[in-house]
Amino acid sequence: GGGVVAYSEAQVDASKTSFQVNEKDCKKKRVVVLGTGWAGISFLKDLDVSAYDVQVVSPRNYFAFTPLLPSVTCGTVEARSIVEPVRNIIKKRNGEIQFWEAECLKIDAANKKLLCRYTVENNLVGNDEFSLEYDYLVIAVGAQVNTFNTPGVLENCHFLKEVEDAQKIRRSVIDCFEKAVLPGLSEEERRINLHFVIVGGGPTGVEFAAELHDFVQEDLVNLYPSVKDLVKITVIQSGDHILNMFDERISSFAEQKFRRDGIEVQTGSRVISVSDKEITMKLKAKGEICSVPHGLVVWSTGVETRPFVKDFMGQIGQANRRVLATDEWLRVKGCEDVYALGDCATINQRKVMEDIAAIFKAADKDNSGFLTVEEFKDVIDDILERYPQVEHYLKSKHLRDVTDLMKDSKGNDIDEVDIEGFKLALCQADSQVKNLPATAQVAAQQGAYLSKCFNRKYKWKDNPEGPRRFRGSGRHQFHPFQYVLLVVSYARGEQAAAELPGDWVSMGRSTQWLCKQVSWRTRVLVVSDWTRRFIFGRDSSRI
């Protein structure tokens with residue numbers, strides 16, 4: 001009772017504080033954040049909200065720890081253990097963040113306005129649509145499942161993007177086993193019902209296949225012993241290897257583990273249609289088309305841009321792109337004061353060859369037309385920071401330093417180079433430009449980076465900290481975003497492989513603990529679920 005009284009009094013004080021803050025907000029720049037995923041929440045957690053009027057718009061009022069979605073599909077952890085209510089997160093900021101549960105319908109870039117709508121269907125009174133004005137807009141809405149217009153995918157496949165998707169898969173897996181043990185079915189019908197197909201060999205598809213295998217072997221074979229030898233799990237991948245976006249050692253580890261566990265991996269296969277009873281694919285090597293019966297199909301092949309983001313791209317001259325383009329500071333190209341991060345955007349890294357003449361001119365201090373090793377060293381740090389592909393190129397060629405590029409046609413060291421020699425030294429560097437993967441870690445790091453930029457936006461206006469401007473004078477206001485690689489990809493619930501910074505790959509049992517929860521509440525819940533699973537096994541109830 002005392003706790004309730006204290007809580008109510010705290011809310012009264014909070015409302016007073018909120019009113020006082022709102023009166024001050026008219027003098028603050030308004031920052032509107034679209035989305036409460038990894039990028040949006042990471043941005044909000046580190047943002048100095050006392051400097052801005054912050055408003056958040058999202059159709060879901062919670063943050064989901066998406067790396068554990070595959071675990072939800074099999075009951076390793078419960079759905080509510082991996083979600084944190086958004087209002088729990090923002091209440092820690094003393095009421096200085098306002099949240100609206102709605103989806104954005106349209107971005108009016110010219111007038112800096114948003115059209116939003118409350119999307120929950122009910123009989124509550126009041127207008128569902130409203131508009132918001134912004135000074136700065138942060139687009140962090142993620143992306144939607146990409147079906148590649150494959151016939152039958154929407155009607156006959158499960159997806160694994162949201163918590164609701166994981167819950168549906170969990171029920172469907174149990175349905176497949178319950179149907180398979182009914183009397184009167186032939187053995188072939190039982191095999192078909194227990195054939196689980198995962199389309200897509202990326203992190204989500206691989207982790208789900210591993211979780212499903214553990215669920216079957218550790219729990220379901222004991223509950224359904226009559227069909228334990230009829231279960232089959234197949235992963236279909238259009239490329240030559242699964243997890244091909246990571247280090248080849250990660251891919252090899254996963255493929256070998258799947259082979260030992262009896263999980264079939266079909267590479268070089270492109271799905272061309274899916275019906276309620278079979279999946280049809282084309283084998284690239286032979287050009288043959290074959291159909292395979294299935295009991296359940298999970299589609300995990302990639303993502304595409306949301307409709308209102310596509311409309312926004314048309315307004316700012318990016319209509320021909322597949323995804324929203326930003327510069328290295330996460331600023332949307334062609335639209336001032338708009339930022340985009342996470343799965344909905346990609347960084348359009350500037351090519352070093354586009355600025356090669358300007359770089360040479362800036363480095364050639366004595367205007368001799370030649371660049372000495374010492375002059376080259378003076379701009380090395382700025383080159384590596386502004387054009388990270390140069391460092392990737394050095395690593396690919398096993399070169400220790402940029403100055404190792406200053407060699408003649410025979411490979412001998414030289415003391416100076418002219419503009420043509422300088423171009424020759426760096427002409428292959430742009431081949432190392434790669435898009436960042438659409439993963440939670442990239443989105444989280446981008447959100448944290450952007451919040452730091454906002455926190456120092458005015459402090460560093462007259463004292464820029466970024467690399468040298470080769471086209472123009474001075475320096476960039478901030479350091480460009482740089483992704484620090486820390487990728488986790490499970491090959492089994494208890495065994496995993498992780499790619500780490502510095503060309504290291506970790507394999508074993510402990511790498512699953514690399515995952516970070518957003519709050520202590522969810523940490524405790526997840527550990528509790530893992531403990532429960534270890535003692536009692538996974539729950540197979542169809543709820």
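Begin by selecting Y387 and F470, both of which are buried, where buried means under 20% relative accessible area, exposed over 50% and partly exposed in between, with a 1.4 Å probe and protein chains only. The structure on your screen is a predicted model, in which local features need pLDDT of at least 70 and side-chain atom pairs count only at pLDDT 80 or more, while totals for chains, interfaces and linings use all residues. Residues are numbered from 1 along each chain as its sequence is written, and side-chain values use heavy atoms, with hydrogens and water left out.

Stay with the two rings for a moment: Y387 and F470 form a stacked aromatic pair, 6.3 Å from centre to centre and with 25° between the planes. Rings of Phe, Tyr and Trp (its six-membered ring) pair if their centres lie within 6.5 Å, and planes under 30 degrees apart count as stacked, over 60 as edge-to-face and the rest as tilted. Y387 lies in the loop between α12 (373–386) and α13 (389–396), and F470 in the loop between α15 and β24 (487–490), so the pair ties together parts that are 83 residues apart in sequence.

**The whole chain**

Now zoom out and colour by secondary structure, and you will have 16 helices and 26 strands before you; helices (H or I, at least four residues) and strands (E, at least two) are DSSP runs, numbered from the N terminus. Of the 543 residues in the chain, 47% are buried. Among contacts between residues at least 6 apart in sequence, 64% join residues at least 24 apart, a contact being heavy atoms within 4.5 Å.

**The five-stranded sheet**

Next, select the five strands that form an open sheet with parallel pairing, in the order β5-β2-β1-β9-β20; two strands pair if DSSP finds at least two bridges between them. In general, strands of a sheet pair through backbone hydrogen bonds, either parallel or antiparallel. Which strands stand at the edges? They are β5 (97–101) and β20 (338–340), each with a single partner strand, so one side of each is left without a neighbour in the sheet. Neighbouring strands here are turned by 15° against each other on average, direction ignored, where axes are lines fitted to C-alpha atoms, for helices over the stretch in contact, and angles run from 0 to 180 degrees between N-to-C directions.

Follow β9 (residues 136–139), which runs parallel to β20 and is joined to it by three bridges, and pick out I139, whose bridge partner in β20 is A340.

Select residues 440–455, the 16 residues of helix α15, which reaches 23 Å from its first C-alpha to its last, close to the 22 Å expected at 1.5 Å a residue; the expected span is 1.5 Å times one less than the number of residues. Twelve of these 16 residues are buried, so the helix is largely enclosed by the rest of the structure. Among the buried residues are Q446, Y449, C453 and F454, and the buried residues of α15 pack against β1, α2, β2, β9, β20 and β21 (345–347).

Where does F454 find a ring partner? The rings of F43 and F454 have their centres 5.4 Å apart and their planes at 85°, so the pair is edge-to-face. This pair links distant parts of the chain, with F43 in helix α2 and F454 in helix α15, 411 residues apart. F43 is buried, with a relative accessible area of 0%, and F454, at 2%, counts as buried too.

**A hairpin**

Move on to strands β6 (residues 103–108) and β7 (residues 113–117), which pair in the antiparallel sense over five bridges, with I107 opposite L114 in β7. The two strands form a hairpin with four residues between them, and K112 in the turn has a positive phi of about 55°.

**The four-stranded sheet**

Finish with the open sheet of four strands in the order β13-β12-β11-β17, where the pairing is parallel. Strand β11 (residues 195–199) is joined to β17 by four bridges, and the bridge partner of I198 in β17 is V298. Last, select helix α6 (residues 163–180), which lies across β11 and β17 and runs at about 155° to β17.
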